Amino acid sequence: MLIQEQRVLEAEIIALADKHGRKRSALLPILLAIQEKYHYINKFAMQEVAALLDIHPVEVYGVVRFYSFLHAERRGSVMIRMCRSLSCDLAGKDAVARQIENDLGIKFGETTADGRFSLEYAQCLGQCDRGPALLVGDQLHAQVKCSQIHTILEQARAAFGVYPLRHAGVAHSPHFHYDPMAGRAS
Amino acid sequence: MSTKPQDILLGVDVPIDAGLQRAAGGPTQAIIDEVRASGLRGRGGAGFPTATKWQLAKDATGEAKFVVCNADEGEPGTFKDRVLLTERADLVFEGMALAGRAIGASQGIVYLRGEYRYLRAHLESVLSARRDRRVLGTAILGIPGFDFDIEIHMGAGAYVCGEETALIESLEGHRGEPRNRPPFPVNTGFFGQPTIVNNVETLALAARIVHRGGAWFAGFGTPASRGYKLFSVSGDCEKPGVYELPMGIKVMELLELVGGLHAKAVQVGGASGRCISRAEFDRSLCFEDLATGGAIMVIGPGRDMLRVAKNFLEFFVEESCGQCTPCRAGNVALLEGIELLIAGRCSMAHLHELKSLGETMRLTAKCGLGQSSPQAFLSIVEQFSDEVLGQQPRA
């Protein structure tokens, strides 16, 4: 992490601490905000938060490791969470899960090489009456069919400001991503 | 049994803030007395009498008191709270304000699970409209001293935080590991202060009860399980969804309503609940028989029961907080047992050992999660022993 980036992050964390209060109960709201913006919470951020809340950095690390929505390692800009509960399983989640893997070119637990999508299983998403269910970022998709996956991913690319694939042909290749800023990311 | 009134939670004629209008100006004890008369028990599944919890918190001394709405609806198969928060958020917040009035709390916290973050904007707008209508904030309904406000606190993806002491740990900024009880949150809760943690449905029902009176609610259901309950129905049935039904309804009657009479088995109570076979379909859904938070998963004919059991055990292996050994290690051992059964390599002696391990977990795990985690496994291998034993190895 560059010094300049650290300074920006430091200022942001101070602002978060001022907003949520410099008390232990502010820890989760602060960490969730960092997670949302940076898609993970690095060691520098953990130490900075710890210093502001006057707790040991390892306390922060312990909390980050406990919650499945907080990550100590970098994740993609868009997190895709597929419900793995029994109701979604009975509704056919396996086929949908396979299609997401095919369209993203990654397996569950992985992040695309361009750093844009991460794919994980979630425990019950509370959509049992309309499974299979997916969370794409904060966007909920219920009763998902395999044929809809491509569109859902394209919507995510657009809505989250990720450049869409320009050529229909390359959309089928998980290994090629059109990126006008190629060389900068990953 | 009388017919269903149209003004319980999901009726067509549910008034907003009628309970608050009726009781806010009166003595605070009257609110608790009304809830006690209703016989209302916690709708998260544990069934603790709501009025007792409120009374203990009212009688406890503390610098501040807190009302926490447990919207960490993480039990697989449960989605009724999602529906309530979407369609009846006002009732939930009304119930929280009444609870605050009853115990003398001025702060309410909604602990909303991370998976429901998309609901947050809606809930914030309902809260803000309530402040505008003076049914939230300072001097509610113009009553001096009736100050109560609500903030939303997001969870971050941890099933165990639905357990009330783990939820409080999480609110305080810690890992969501359950505390030993006693002391109970009603005495030593959020930051050591008296705190009540109630399920979303419980709070919404309390609002209806305070409006219509405890006797009205107590007129439905069974002697030990009064009133109506929301059931989250999913799986292999024609009409999945949320159903509001009287306590004590038989599994068979419910299956008929939802178009699931062909079911081979029903998982009652989600992953932490038990699986029943057709032989038990005449049992009742209530605290004196099959107690449940309302999750009904219908398992159709032809489904593989080992796949069902494996799904639940993988869930518990993932979601165990790791604090106590019976839950942390026990669920891994049970999952290995399921894999042996799937491979067709489990002896009866080994299955007996696994069952005995399950019993040990039930007795010795620290919290409700751990104690209930072996239930699905135990009920499936018992009810379906001829199906799960002697499996042919699959390619």
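This is a predicted model: local features need pLDDT of at least 70, side-chain atom pairs count only at pLDDT 80 or more; totals for chains, interfaces and linings use all residues.
# Two contact surfaces, term by term

Visitor: Why is the pair B:Lys264 and B:Glu387 called a salt bridge?

Guide: The N to O value for the two side chains is 2.9 Å. The cut-off for a Lys or Arg side-chain nitrogen and an Asp or Glu carboxyl oxygen is 4 Å, so the pair qualifies. Between domain 2 of chain B and domain 3 of chain B the count is one salt bridge.

Visitor: What area is buried between domain 2 of chain B and domain 3 of chain B?

Guide: About 1,000 Å² is buried there, and carbon and sulfur atoms give 64% of that area.

Visitor: What is the buried area between chain B and chain A?

Guide: These chains bury about 3,300 Å² between them, with 55% of it on carbon and sulfur atoms. The contact draws 50 residues from chain B and 33 residues from chain A.

Visitor: Why is such an area quoted as the size of an interface?

Guide: It is often quoted because it is the accessible area lost when the parts come together.

Visitor: What makes A:Glu36 and B:Arg117 a salt bridge?

Guide: The closest N and O atoms of A:Glu36 and B:Arg117 are 3.2 Å apart. That value is within 4 Å, and the pair is Arg with Glu, so the term applies. The count between chain B and chain A is six salt bridges. The elements of chain B that give two or more residues to the side touching chain A are β3 (149-154), α7 (164-171), β5 (228-235), β9 and α11 (305-319).

Visitor: Which element gives the largest share of the side of chain B that touches chain A?

Guide: α11(B) gives it, with eight residues. By class, the residues of the side of chain B that touches chain A are 21 nonpolar, 15 polar and 14 charged.

Visitor: How many residue pairs are in polar contact across the interface of chain B and chain A?

Guide: The rule finds 24, with both residues at pLDDT 80 or more.

Visitor: How do you know which chains the salt bridge of B:Arg307 and A:Asp94 joins?

Guide: The side chains of B:Arg307 and A:Asp94 meet at 2.8 Å, N to O. B:Arg307 lies in helix α11 of chain B and A:Asp94 in helix α6 (residues 93-104) of chain A, so the pair joins two chains. Over all chains the structure holds 42 salt bridges.

Visitor: What is the omega of the peptide bond from B:Arg181 to B:Pro182?

Guide: Omega there is near -5°, and the bond is cis. The bond joining B:Pro182 and B:Pro183 is also cis, with omega about 0°. B:Pro182 is in the loop between α7 and β4 (195-199) of chain B, and B:Pro183 is found in that loop too.

Visitor: What is the phi of A:Asp54?

Guide: Phi of A:Asp54 is near 60°, a positive value in a residue other than glycine. A:Asp54 sits in the loop between α3 (43-53) and α4 (57-66) of chain A.

Visitor: What is the mean pLDDT of chain A?

Guide: The mean is 88, and 85% of the residues of chain A reach 70 or more. Over residues 164-186 of chain A, however, the pLDDT is below 50; this stretch has 26 contacts in the model beyond near neighbours in sequence.

Technical notes: Residues are numbered from 1 along each chain as its sequence is written. Chains are lettered from A and ligands numbered from 1 in the order in which they are written. Side-chain values use heavy atoms; hydrogens and water are left out. Buried area is the accessible area (1.4 Å probe) that two parts lose on being put together, summed over both. pLDDT is the predictor's confidence in each residue, from 0 to 100. Contact means heavy atoms within 4.5 Å. A polar contact is a pair of N or O atoms within 3.5 Å; within protein, one must be able to donate a hydrogen and the other to accept it, and residues adjacent in sequence count only if both atoms are side-chain atoms. Helices (H or I, at least four residues) and strands (E, at least two) are DSSP runs, numbered from the N terminus. Ala, Val, Leu, Ile, Met, Phe, Trp, Tyr, Cys and Pro count as nonpolar, Asp, Glu, Lys and Arg as charged, and the others, Gly among them, as polar.
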